[in-house]
Amino acid sequence: MFSCGPAVGVNSTPMTTLTLRPAQTSDVAGIRRLVQPYVDTGALIAKEAVDYFEAIQEFLVVEERDDAGDARLLGCGALHILWEDLGEVRTLAASEEARGRGIGRMLVEALIERARTIGVSRVFCLTFEVDFFRRMGFEVMTHQETLDPEVFAELLRSPDQGVAEFLDLARVKPNTLGNTRMIRALGAPEPR
Ligand SMILES: CC(C)(COP(=O)(O)OP(=O)(O)OC[C@H]1O[C@@H](n2cnc3c(N)ncnc32)[C@H](O)[C@@H]1OP(=O)(O)O)[C@@H](O)C(=O)NCCC(=O)NCCS
């Protein structure tokens, strides 16, 4: 399990080191470059630069550094808190050339650890990557989660798109077509 506090270095190849660390404001340009191909295909939602700056504290990044000290981002992902017991993994991406190297798993495990630390017991995601998230212990939501009507009413007050997606509101359906709503209860054993 990787810590999501200070940076954690992992030997990647003999020539490079992978580091998982909290994002900094200077990462926003790199995060935007990383997610752009997935925004173009519709896998991720387009956001403005200001949205990334506002949410930068939610993000973790995986950085690869070579012997010469040159660094590039290979992955990013964010944990957004929706309610007392509920978080959402959002804007999770591994760069196209780095897919299949465990970057996505590294990020999800660290975001789940962050969720536990914050006190969240369920983590939601909306995704086309159903098989990947199944590997990460998420299950497809076959029905609307049972919510206290008062909590439901409170959540309806939010302008956040992720909240609307969790509630499966009609107004976000055009944006979420083909996506699958998935959830992981954090009490569940670690998947492998
Ligand atoms: C989803 C995504 C982040 C996965 O990143 P990744 O670094 O390629 O995934 P990993 O290498 O960590 O894979 C972890 C496990 O999932 C499996 N896996 C990954 N993608 C998979 C897929 N499409 N189908 C089935 N299994 C998959 C891997 O085989 C691996 O299994 P293992 O650990 O048991 O060997 C990446 O594919 C991506 O950026 N997708 C586009 C953006 C997106 O849709 N994000 C999700 C919306 S929030």
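**View 1. Gly-119, just past the end of helix H3 (103-118).** Helices here are DSSP runs of H or I with at least four residues, strands are runs of E with at least two, and both are numbered from the N terminus. The model is predicted, so local features need pLDDT of at least 70 and side-chain atom pairs count only at pLDDT 80 or more, while totals for chains, interfaces and linings use all residues. Residue numbers start from 1 along each chain, following the sequence as written.

**View 2. Helix H3 and what it packs against.** Among the buried residues of H3 are Ile-103, Met-106, Leu-107, Ala-110, Leu-111 and Arg-114. Buried means that 20 or more other C-beta atoms lie within 10 Å of a residue's own, exposed means 12 or fewer, and partly exposed falls in between, with C-beta atoms placed from the backbone. An α-helix has 3.6 residues a turn, so residues three or four places apart point the same way. The buried residues of H3 pack against strands E2 (16-22), E3 (59-66), E4 (71-83), E5 and E6, and also against H4.

**View 3. The shell around the ligand.** Which residues come nearest to the ligand? Of the 22 around it, they are Ala-94, Arg-99, Gly-104, Arg-105 and Asp-131. To count as near, a residue needs its C-beta atom, placed from the backbone, within 6 Å. At least two shell residues each come from strand E5 (86-94), H3, strand E6 (122-127) and helix H4 (130-135), and E5 gives the largest share, five residues. By type, the shell holds 11 nonpolar, four polar and seven charged residues.

**View 4. Val-123 in strand E6.** Val-123 is buried, as 26 other C-beta atoms lie within 10 Å. Glu-88 is 35 residues away along the chain, yet the C-alpha atoms of Val-123 and Glu-88 are separated by 5.2 Å. Leaving out residues up to four places away in sequence, Val-123 touches Gly-87, Glu-88, Val-89, Ile-112, Ala-115, Ile-183, Arg-184 and Leu-186. Contact here means C-beta atoms, placed from the backbone, within 7 Å.

**View 5. Strand E3 between its partners E2 and E4.** Six of the eight residues of E3 are buried. E3 pairs with E2 in the antiparallel sense over seven bridges, and E3 and E4 are also antiparallel, over seven bridges. Two strands pair if DSSP finds at least two bridges between them. Look for Thr-16, whose bridge partner in E3 is Asp-66, and for Phe-59, opposite Ala-78 in E4. The hairpin of E3 and E4 leaves four residues between the strands, and Gly-69 in the turn has a positive phi of about 90°.

**View 6. Positive phi at Thr-91 and Asp-168.** Most residues other than glycine have a negative phi. Thr-91 has a positive phi near 50° and sits in strand E5. With 23 C-beta neighbours inside 10 Å, Thr-91 counts as buried. Asp-168 has a positive phi of about 60° and belongs to the loop between helices H6 (161-167) and H7 (173-176). Asp-168 is partly exposed, with 15 other C-beta atoms within 10 Å.

How values were computed. Ala, Val, Leu, Ile, Met, Phe, Trp, Tyr, Cys and Pro count as nonpolar, Asp, Glu, Lys and Arg as charged, and the others, Gly among them, as polar. Two residues are in contact if their C-beta atoms, placed from the backbone, lie within 7 Å.
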